[in-house]
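These are notes for a colleague who is opening this structure for the first time. Please keep the sequence and the model side by side while reading the points below.

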Amino acid sequence: QVQLVESGGGSVQAGGSLRLSCVASGRTFSNYAMGWFRQGPGKEREFVAAISWNGIIRYYADSVKGRFTISRDNAKKNTVYLQMNSLKPSDTAVYYCAVKPGELYLSGKYYYTADEYDYWGQGTQVTVSS
């Protein structure tokens, strides 16, 4: 049974930092891309960042580019991190980890829509106050 467990959420003031972690279990994830999505109050779920199975390719939403960094445990391949710096109140959301079999980037296309990701965690709340 595949399970994804996020941790690291919390409350922080604007300008602060948080680091989210997600551990996946239940199968081998060496051939899976891993990503982060978020859903703010009254908003639809949106893409945040994703990383390829080998950690080489990273893709970010424009809203977080330059502030957030996604990384992956090179040894185990089943753990993904999201370092969030310079947080803004607009970053307030429940953050979800998800995994997608296969490539993140192929033939000129990035695969970053929610329906392309098969397994999801329960989410971790991030609240940024002004």
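1. In strand β13, Gln-125 has Val-94 opposite it. That pair belongs to the antiparallel pairing of β9 (residues 93–101) with β13, which comprises three bridges. Two strands count as paired if DSSP finds at least two bridges between them. Strands are DSSP runs of E with at least two residues, helices are runs of H or I with at least four residues, and both are numbered from the N terminus.

2. The model is a predicted one, in which local features need pLDDT of at least 70 and side-chain atom pairs count only at pLDDT 80 or more, while totals for chains, interfaces and linings use all residues. Residues are numbered from 1 along each chain as its sequence is written, and side-chain values use heavy atoms, with hydrogens and water left out.

3. Strand β13 (residues 124–129) also pairs with β2 (residues 10–13), here in parallel and through four bridges. Within this pairing, Ser-11 has Thr-127 as its bridge partner. The covered face of β13 holds Thr-124, Val-126 and Val-128, and the uncovered face holds Gln-125, Thr-127 and Ser-129. In a regular strand, side chains alternate between the two faces of the sheet.

4. Which strands pair with β8? Strand β3 (residues 18–25) runs antiparallel to β8 and is joined to it by six bridges, with Ser-21 opposite Tyr-81. Strand β7 (residues 68–72) is also antiparallel to β8, over five bridges, and here Thr-69 faces Gln-83. Strand β8 itself spans residues 79–84, and five of its six residues are buried. Buried means under 20% relative accessible area, exposed over 50%, and partly exposed in between, with a 1.4 Å probe and protein chains only.

5. Most residues other than glycine have a negative phi. Lys-77 has a positive phi near 65° and sits in the hairpin of β7 and β8, where six residues lie between the strands. Ser-86, in the loop between β8 and β9, has a positive phi of about 50° although it is not a glycine. Ser-86 is partly exposed because its relative accessibility is 41%. Ser-107 lies in the loop between β10 (105–106) and β11 and likewise has a positive phi of about 50° without being a glycine. At 75% relative accessibility, Ser-107 is exposed.

6. Is Met-34 buried or exposed? This residue lies in strand β4 (residues 32–39), and Met-34 counts as buried because its relative accessibility is 0%. Met-34 and Leu-104 are 70 residues apart in sequence, yet their C-alpha atoms are 8.3 Å apart.

7. Trp-120 is part of strand β12 and, with a relative accessibility of 25%, is partly exposed. Leaving out residues up to four places away in sequence, Trp-120 touches Leu-4, Phe-37, Arg-45, Tyr-96, Cys-97, Ala-98 and Ala-114. Contact means heavy atoms within 4.5 Å.

8. Tyr-111 is in the loop between β11 (109–110) and β12 (119–120). Tyr-111 is partly exposed because its relative accessible area is 21%. Beyond its neighbours within four places in sequence, Tyr-111 contacts Lys-100, Glu-103, Leu-104, Leu-106, Glu-116 and Tyr-117. Ser-52 is 59 residues from Tyr-111 along the chain, and the two C-alpha atoms are separated by 10.0 Å.

9. Now the chain as a whole. It has zero helices and 13 strands. The radius of gyration is 14 Å, which agrees with the value near 14 Å for a compact globule of 130 residues; the radius is taken over C-alpha atoms, and the globule rule is 2.2 Å times the number of residues to the power 0.38. The C-alpha atoms fill a box of roughly 40 × 30 × 30 Å along the principal axes. Of the 130 residues, 43% are buried. Among contacts in the chain with a separation of 6 or more, 61% are between residues 24 or more positions apart.
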